Structure formats: C-alpha cells, structure tokens
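Subject: Handover of a structure and its findings

Dear colleague,

Please find below the structure that I am passing on to you. My notes on it follow directly after.

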Amino acid sequence: MKRALPTVALTRSRVPPPGGRDASAYFRVFDGYAEAGDHETMVEIMHRAKDEGLGALSVHELRIEHFRTQRAQRHGGGPYGPDDVYDRHMGAIRAEIRERLTALGPTIGVWSGDITRLEVDAIVTAANRSLSGGGGVDGAIHRAAGPALLEACLQLPEVSPGVRCPVGEARITPGFRLGTEHVIHAVGPVWDGGTGDERCLLASAYRESLVLAVGVGAQSVAVPAISTGAFGFPVTEAARIAVDTARAFQRERKGPERIVLVAFDDETEQSLREALGPDRLV
Ligand code: APR
C-alpha cells in the first residue's frame with residue numbers, strides 16, 4: 001500500500017533515524033513542499049546558507065533550502081554542480097535538521113489528507129459507542145483495515161447494552177490490513193450547542209486515545225478531528241481542544257514522540273494550524 005509521512009512543510013515531525021524504515025519516505029515528501037514557492041525568500045535563504053553556513057538557518061529555512069536545491073538540481077539548474085558536491089551539501093542539511101529536531105523532543109504536527117495513508121504506529125478513528133463501524137473517517141479506516149477490524153471491535157465487551165465504548169473513552173485493536181499496528185477507537189461527543197459536557201468529553205476522547213497509544217509503546221500517532229464531522233462539533237473550538245490536549249499530554253507524559261493531527265478539509269487544516277501557532281515552524 002502506498003503510504004506517506006506527513007508533509008514536512010506542515011509538521012514538526014521528528015526525522016526518523018538514519019536507515020530507519022521511513023527515512024527515504026520522509027525525504028521524498030520534500031517534493032511536496034508546496035509552501036516553498038516564494039522565489040525571493042528562497043534565494044535569500046540560499047545566500048545565507050552559503051555565506052553563514054547552515055547553522056544560521058532555522059529548521060524551517062533549512063527545509064526550504066533542502067527542497068529548493070533538490071528541485072534546482074533535478075531540473076539541471078542546480079548551484080552545486082557535480083553530484084558529490086551536491087550530495088555533501090544535502091547530507092549536511094539533513095543531518096542538521098535531524099539533529100535539531102531530535103533536540104526538540106516530542107512534536108505535534110498537522111497533516112492534511114486521508115489518515116489511512118500515514119505510516120505511524122497507531123491511528124485513531126472517530127467511532128460510535130457500539131464500535132460497529134460507520135461513515136467518515138471510521139468508514140475509511142474500516143475499509144482500509146478490512147473486515148477483521150469490525151470483528152475485533154465486536155469482540156470487545158459491552159459495558160452497557162449496545163455500548164462498547166462510552167463517550168469520551170477509547171478502545172484499541174490491531175490495524176489488520178491497514179499496515180498500522182494499532183487502531184484506537186475514540187468516541188467523541190455529539191455537539192449539542194455546547195451546553196452539555198461536550199468540551200470535556202472531546203478532550204477526554206483525545207487524552208484516552210493517547211493513554212492507550214503510550215500504553216502499547218506507540219511513538220507516532222495520527223489523530224483525526226474527532227466529532228467535527230457527523231457529530232457536528234464546531235471545528236475551530238475542536239481544533240483548539242485537540243492541540244491543547246495533545247500538548248498537555250505530551251508535556252506531562254513525555255510522549256508519544258510524534259502526534260500528527262490530521263485534517264481532511266481546508267477549514268480544519270487552517271484551524272489546527274492556528275491552534276498550533278508559530279510552533280509548527282521550528
Ligand atoms: N482521513 C482523515 N480524516 C477524515 C477522513 C479520512 N479518510 N474522512 C473523514 N475525515 C474527517 C472529517 O472530515 C472530519 O473532519 O474526520 C473528521 C471527523 O468526522 P467523522 O468521521 O464524521 O467523525 P465524528 O464527527 O466524530 O462522527 C462520528 O460518524 O462515521 C460515524 O461511526 C461514526 O457514528 C460515528 C460518527
């Protein structure tokens with residue numbers, strides 16, 4: 001199955017260790033660096049990279065420099081001429097990015113797209129209380145995982161008639177054909193005007209999912225915008241809750257190392273990025 005790591009432009013994802021199974025995939029996504037279209041900035045960054053050395057650049061700028069150089073070289077207009085000079089330069093940039101991200105510790109990122117494409121240790125789904133499958137992100141995950149996922153869900157014990165997972169809680173199963181080791185089934189609240197306990201329950205659904213992820217040793221976890229689809233939770237507020245809860249959890253528990261908040265539409269992506277703030281560009 002074709003998979004991709006989060007677009008580097010949008011995340012503060014930890015660079016996988018050299019030779020790790022996703023290292024090449026990570027660097028391939030530089031191709032998708034759509035944000036790097038600002039020619040003037042790129043030229044300026046390049047001059048700084050040359051004049052002052054890579055150490056003078058932020059991680060974000062290093063990523064732009066990496067992308068820009070790669071592009072230019074590929075199209076024959078590269079500034080580094082012979083392959084070995086080019087390889088040395090790119091190797092130095094990658095090493096620098098890796099070192100600085102490692103020093104940063106746990107990170108949270110935003111990625112836009114189909115969550116089933118992500119190569120992570122655990123994927124969270126927005127389920128219903130019976131864990132009997134549904135539409136939206138849950139439908140996509142069940143389709144990608146195959147029928148064994150539903151069977152595993154239905155084997156989980158009911159806590160009350162028809163309820164395998166109360167609102168604000170989460171359950172865990174294998175990922176089956178999804179290729180991801182774990183699927184975490186989180187049940188968010190249905191939005192009821194905000195007069196009930198919706199906000200606390202949404203935060204709880206995120207927190208409980210992360211508790212399960214850490215419990216099985218997952219280092220990378222992808223989480224969709226729980227409750228913001230069929231359950232009608234306002235996106236801006238839900239995004240803030242997602243970011244705040246993930247951030248607080250990571251600080252307190254020192255993990256998981258990489259939380260990827262996944263958007264499936266522009267409004268959600270925008271809201272998540274705003275909630276994450278300038279942090280997303282290191
Ligand atoms: N990848 C990532 N995100 C997705 C995907 C996907 N493939 N498909 C949908 N989404 C997004 C939606 O755009 C929305 O932002 O997931 C978010 C949550 O939407 P829903 O899946 O509708 O989840 P929720 O609002 O929590 O409602 C849960 O819907 O499918 C049923 O069984 C589920 O009854 C439960 C209810």
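Met90 touches His66, Thr69 and Gln70, where residues up to four places away in sequence are not counted and contact means heavy atoms within 4.5 Å. The position of Met90 is in helix H4 (residues 83-104); helices (H or I, at least four residues) and strands (E, at least two) are DSSP runs, numbered from the N terminus. Met90 counts as buried because its relative accessibility is 3%; buried means under 20% relative accessible area, exposed over 50%, and partly exposed in between (1.4 Å probe, protein chains only). From C-alpha to C-alpha, Met90 and Phe67 are 9.5 Å apart in space, and they are 23 residues apart in sequence.

Please note that this is a predicted model, in which local features need pLDDT of at least 70 and side-chain atom pairs count only at pLDDT 80 or more, while totals for chains, interfaces and linings use all residues. Residues are numbered from 1 along each chain as its sequence is written, and side-chain values use heavy atoms, with hydrogens and water left out.

The chain as a whole

The protein chain has 9 helices and 6 strands. Of its 282 residues, 53% are buried. Among contacts between residues at least 6 apart in sequence, 69% join residues at least 24 apart.

The nonpolar cores

A nonpolar core is a set of buried Ala, Val, Leu, Ile, Met, Phe, Trp, Tyr and Cys residues joined through side-chain atoms within 4.5 Å. The largest one has 31 residues, and Val221, Val223, Leu261 and Leu272 have the most contacts inside it. Two or more residues are given to this core by each of strand S1 (107-112), strand S2 (122-126), S4, helix H7 (198-215), strand S5 (220-224), helix H8 (235-253), strand S6 (258-263) and helix H9 (266-276). H8 provides the largest share, 7 residues.

Which residues does Leu272 contact, leaving aside its neighbours within four places in sequence? They are Val110, Ala239, Ala242, Val243, Leu261, Val262 and Ala263. There is also a second, separate core of 14 residues, which includes Ile123, Leu178, Val183 and Val262.

Helices H5 and H6

Two packed helices are described by the angle between their axes and the distance between the axes. Helix H5 (residues 136-145) and helix H6 (residues 147-155) pack at an angle of about 115°, and their axes are 5 Å apart. Here, axes are lines fitted to C-alpha atoms, for helices over the stretch in contact, and angles run from 0 to 180 degrees between N-to-C directions. H5 is therefore roughly perpendicular to H6; angles under 35 degrees count as roughly parallel, over 145 as roughly antiparallel, 65 to 115 as roughly perpendicular and the rest as oblique.

On the H5 side, the contact is made by Ile141, His142 and Ala145, and on the H6 side by Pro147, Leu149, Leu150 and Cys153. By class, this contact of H5 with H6 has 6 nonpolar, 1 polar and no charged residues. Ala, Val, Leu, Ile, Met, Phe, Trp, Tyr, Cys and Pro count as nonpolar, Asp, Glu, Lys and Arg as charged, and the others, Gly among them, as polar.

The buried residues of H6 include Leu149, Ala152 and Cys153. These residues cover an arc of only 100° around the axis, so they are on the same side of H6; the arc is that of the directions from the helix axis to the C-beta atoms. Pro147, Glu151 and Gln155 are exposed on the other side of H6. The cover over the buried residues of H6 includes H5, strand S3 (170-174) and strand S4 (182-186).

Phe249 lies in helix H8 and counts as buried because its relative accessibility is 6%. Its contacts, apart from neighbours within four places in sequence, are Arg207, Leu210, Val211, Val214, Lys254, Gly255 and Pro256. The peptide bond from Gly255 to Pro256 is cis, with omega near -10°, and Pro256 is found in the loop between H8 and S6.

Two positive phi values

Leu131 is not a glycine, yet it has a positive phi of about 55°. Leu131 is placed in the loop between S2 and H5 and, at 1% relative accessibility, counts as buried. Phe176, in the loop between S3 and S4, has a positive phi near 50° and is likewise a residue other than glycine. Phe176 is partly exposed, with a relative accessible area of 37%.
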